[in-house]
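I opened a new notebook page for this structure.

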Amino acid sequence: MCAKALASWYRLARFSRAGAQTKASLLFQQSHPHIATTGSLFDRWGARWRGPFLAAVLALVAGLPGVLALPPLDRDESRFAEATAQMLETGDFVSIHFQATPRFKKPIGIYWLQAAAVKGLSQVEDRAIWAYRIPSLLGAMLAAASCAWGAAAFLRPGSALAAGALIGGSFMLSTEASIAATDAVLCGMTTLAMAALARLYLADLGGPPAGRRTKALFWGALAAAILVKGPIAPMVIALSLLALCLWERRGRWVAHLGWGWGLIALAALLGPWALAITVATDGAFWGAAVGSDLAPKLTGQAEGHGAPPGYYAVLAPVLLFPATLLLPAGAVAAWRARGEPAVRFALCWLIPSWLVFEAAPTKLIHYTLPLYGALAWLMARSLEAIGAGPAPAAGGRARAAGAALVLVVGVLFAFAAPAAMARLADYSGTVWAVVAGLLFLMAAGSGAVLLARGAAGAAAVAASVAAAFGHGALIGGVLPSLRPLWLSAAAVRALDAAGASPWQGVVPGPVTVAGYAEPSLAFLLGADTELAGPEEAADAIAEGRPAIVEGRDDAAFRAALAQDGARAALLGAVRGLDYSNGRTDILRLYRPSGSMAIPGTAP
């Protein structure tokens, strides 16, 4: 009897649970009737795995040219890359150093990712910066794919593809994809975590099912994001959950995220390195990371990067280009569809963290990048009808405003390259500038025309594709051809051509550099490069080593040479713009000589 009663109770529980799920599913479908409308070409492209895959391919097209073509950038990229190179050279994968200086600012994640890429694709001795950029490129691709995957839970496949294309082709993410730093990877991991969280939230309301795998993606992405950039992803997730629970006045679904095993997995992934760095630095890492890096950004304008509130809102049309064309429609959709669970989730993802970034005194243009997925979802939601009304992107005012915005920003981008060439008086990249300008104009023009004709989805995809190729031409063609920007690379090439590079094994190292201390030169020449003053440069010559002297320190260098009784030969000079400080520099290259060389005339 007992067994029969238990069996009956089990069948009743299953029936009740199935009935509740069916009712929730029907309610979800009633609140998202637009999902049922499929069959268009874009819907076929965006169906199942194709949407995330195509969005990732678009991000690849936009970012890969810069990854391969750009010389090492100053200053953060070269600091990250050199610290990674030193890990590979020393075998110390716990502590982080730039030359002899501890670099206790960011956690270890980005360095491990870069080290894995270099180990698998290059050699640390090659100092090939493209290998260090691979994690950033993959991070941008992950952000685009995750955005499309998350949107597919509440949008038609074509609109979900558009969401991934909007973020994958955006100017800011495409640029960060070409830089060996943390931001593209952080964006990818945060977008994946938020997409998984959204699917779990919508599943609780009767949306597409999401189980243990989705929870594992959420916790894994959160752990990776913390290892890459510390508290940013937890802040975004916590503020989103808090805002959503307060808005809906319910939060029972949050208890079912797998906190028990999730927190254990989080501790297992983060704990070993956290303990190791604490022991290795006697706790100094945490004091520097929190007290010297994070706290100044929250309390003041760290490193001079300050701006008033509203800074990110003003820049959004430029940084989101070409998604700019759907910004007005996205704002309309956010208001009109705020009763839909998915739109509420996107607003709770976007608004609280955006306000925090606007309120913080320190501002850099990439700080809001982890929130771009929410903007992409809202803009993609504008492509579909809301209730009995038309799609917001079909509204006359939204179309006019979006077309005007994208045309203005597109023209700005089209003329950016000619302006840069005129500023530097270097027109060697003219062909690439024309190609990039035409592609940006094509992105803006096609987007505006298609939007005006009522084909908003086609406008978003067409503009994103054209802009991705335009960005590739700009960052992979125009910028590398602007030779005055790449002082460090030019100096290293000149040393190589003269047979005076320690890497060639002909002269002893390290190279001593006076008056020019950009990290890109240390990355290209090696960790033991001495960034010092004119007296140390003269000592290097006396010891038989090469030296690089910036023109302003040349007289002091020669005076120190005379005092040491040493002689140097001028191998050549390179001139360019140090864009980190806006100063024009002349780098003179010297090697020991039997007789003092005539100073010569710098280019």
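**Entry 1: H3 and H6**

I started with a helix pair: H3 crosses H6 in a right-handed way. For handedness I used this rule: a crossing is left-handed if the near helix is turned anticlockwise from the far one by less than a right angle, and right-handed if clockwise. The helix labels are DSSP runs (H or I, at least four residues; strands are E, at least two), numbered from the N terminus.

I noted the source next. This is a predicted model, in which local features need pLDDT of at least 70 and side-chain atom pairs count only at pLDDT 80 or more, while totals for chains, interfaces and linings use all residues. Residues are numbered from 1 along each chain as its sequence is written, and side-chain values use heavy atoms, with hydrogens and water left out.

Two packed helices are described by the angle between their axes and the distance between the axes. H3 covers residues 50-69 and H6 covers residues 129-151. I read an angle of about 155° and axes 8 Å apart. The axes are lines fitted to C-alpha atoms, for helices over the stretch in contact, and angles run from 0 to 180 degrees between N-to-C directions. H3 and H6 are therefore roughly antiparallel to each other. The angle classes are: under 35 degrees roughly parallel, over 145 roughly antiparallel, 65 to 115 roughly perpendicular, and the rest oblique.

Then I listed contacts (heavy atoms within 4.5 Å). On the H3 side I found, among them, Gly51, Ala55, Ala59, Gly63 and Val67. The H6 residues they meet include Trp130, Ile134, Leu137, Met141 and Trp149. The contact of H3 with H6 divides into 17 nonpolar, three polar and one charged residue. In this count Ala, Val, Leu, Ile, Met, Phe, Trp, Tyr, Cys and Pro are nonpolar, Asp, Glu, Lys and Arg are charged, and the others, Gly among them, are polar.

**Entry 2: H24 and H25**

I looked up another pair. H24 (residues 534-542) and H25 (residues 554-564) have axes that come within 8 Å and cross at roughly 45°. These two helices are therefore oblique to each other. The crossing of H24 and H25 is right-handed. Pro534, Glu535, Ala537, Ala538, Asp539 and Ile541 of H24 touch Ala556, Phe557, Ala560, Leu561 and Asp564 of H25. I counted eight nonpolar, no polar and three charged residues in the contact of H24 with H25.

**Entry 3: the largest pocket**

Rolling a probe the size of a water molecule over the atoms shows where empty space is left. On a 1 Å grid over the protein atoms alone, a cavity is a set of points where a 1.4 Å probe fits but cannot get out; a pocket is an open set with protein on both sides within 12 Å along at least five of seven lines; lining residues have an atom within 4 Å of a point. Grid points are joined across faces, edges and corners, and a volume is the space filled by probe spheres set on the points.

The largest pocket holds about 1600 Å³. Its lining has 48 residues, with Leu73, Asp74, Arg75, Ile179 and Tyr579 nearest the centre. H21 gives the largest share of this lining, five residues. By class, the lining of the largest pocket has 27 nonpolar, seven polar and 14 charged residues.

I checked the backbone at Asp74 too. The peptide bond from Asp74 to Arg75 is cis, with omega near 0°. Arg75 sits in the loop between H3 and H4.

**Entry 4: the second largest pocket**

Its volume is about 650 Å³. Of its 31 lining residues, Lys229, Gly230, Pro231, Ile232 and Leu294 lie nearest the centre. Which helix gives the largest share of this lining? I found H13, with eight residues. The lining of the second largest pocket splits into 22 nonpolar, three polar and six charged residues.

**Entry 5: the cavity**

How many cavities of 30 Å³ or more does a search of the whole structure find? I got one. The largest cavity has about 70 Å³ of space. It is lined by 15 residues, and Asp74, Leu485, Leu487, Ser520 and Tyr579 are the closest to its centre. H22 supplies the largest share of the cavity lining, three residues.
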